[in-house]
Amino acid sequence: MNPVRIAPSILSADFAKLGEEVRAIDAAGADWIHVDIMDGHFVPNISFGPSVMKAIRPLTDKPFDVHLMISPVDLYLDAFAEAGADCITVHPEAGPHVHRTIQHIKGLGKRAGIVLNPATPAKMLDYLIDMVDLVLVMSVNPGFGGQHFIDSQLKKIAAIRRMIDQTGRAIDLEVDGGVDADSARRCIEAGADALVAGTAVFRGGPAAYAANIAALRGNG
Ligand code: DX5
Ligand code: ZN
């Protein structure tokens, strides 16, 4: 398996210095930049939209891993593609036809991801796994950083690892929510190869980012 990719969630960044924060996590060893988009409707919080993402896009060459928590999601796919998304990840509950939504993302020339909420079973992937590039397992209910990791998701991660291996395709298996050094190790053992972290990366300010990212890789 590839070494684990670390995707800091800029939801936990200092928004007053967002550009500096993106440069700092890039320099600290982030593999991807995780961008959480929340609409106050699909989830009970509002973050920011494509114009903010577009403004920070030139500040790093790292891939933008865009997690859309908006409904209806289809209306905004083009805007996030144009704003510089590399991978666009959607919740099946965020629109009436998730298969069509994934087709739309692929048609935009972007990597497509599907994200499963804590109560959404792995089985929901049965007729989608052959068309996605990434599966994201939510280990908290989406909407806020700083929540506790839900242990029951480890079993789901392991089940999805088996499903991915059966496809023979290189599909990323990412986990999002409450990831710290301890839960990171358990996610990797269960088969995850990419980890989102907000609180655990941004705590302590820029001087701590490199050590925080290294700790998530198990090099603490
Ligand atoms: C939650 C978001 C996460 C969150 C992660 O809805 O999708 O990306 O910001 O933050 P932590 O690592 O603090 O749980
Ligand atoms: Zn996220």
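A residue is counted here as buried if 20 or more other C-beta atoms, placed from the backbone, lie within 10 Å of its own, as exposed if 12 or fewer do, and as partly exposed in between. The structure is a predicted model, in which local features need pLDDT of at least 70 and side-chain atom pairs count only at pLDDT 80 or more, whereas totals for chains, interfaces and linings use all residues. Residues are numbered from 1 along each chain as its sequence is written, and chains are lettered from A and ligands numbered from 1 in the order in which they are written.

The shell around ligand 1 (residues whose C-beta atom, placed from the backbone, lies within 6 Å of the molecule) comprises 21 residues, of which Ser9, Pro142, Gly145, Gly198 and Thr199 are the closest. Two or more residues each are contributed to this shell by strand S2 (33-38), strand S8 (194-197) and helix H7 (199-202), where helices (H or I, at least four residues) and strands (E, at least two) are DSSP runs numbered from the N terminus.

The unreviewed UniProt entry places the feature "binding site" at positions that include Ser9, His67, Gly143, Gly145 and Asp176; such annotations may be inferred rather than shown by experiment. Gly143, found in the loop between strand S6 (134-138) and helix H5 (153-167), is partly exposed because 17 other C-beta atoms lie within 10 Å. Leaving out residues up to four places away in sequence, Gly143 touches Met38, Val43, Pro44 and Asn45, contact being assigned when two C-beta atoms, placed from the backbone, lie within 7 Å. Asp176, by contrast, lies in strand S7 (residues 172-176) and is buried, since 25 other C-beta atoms lie within 10 Å; with the exclusion of residues up to four places away in sequence, Asp176 touches His67, Leu136, Met138, Ser139 and Val196.

Helix H5 has 15 residues, which at 1.5 Å a residue should span 21 Å, in agreement with the 21 Å between its end C-alpha atoms; the expected span is 1.5 Å times one less than the number of residues. Its buried residues are Gln153, Leu154, Lys156, Ile157, Ile160 and Ile164. Viewed down the axis of H5, these fall within an arc of 150° and therefore line one face of the helix, the arc being that of the directions from the helix axis to the C-beta atoms. They pack against S6, S7 and helix H6 (181-190), while the face turned away from the buried side carries the exposed residues Lys155, Arg162 and Gln166.
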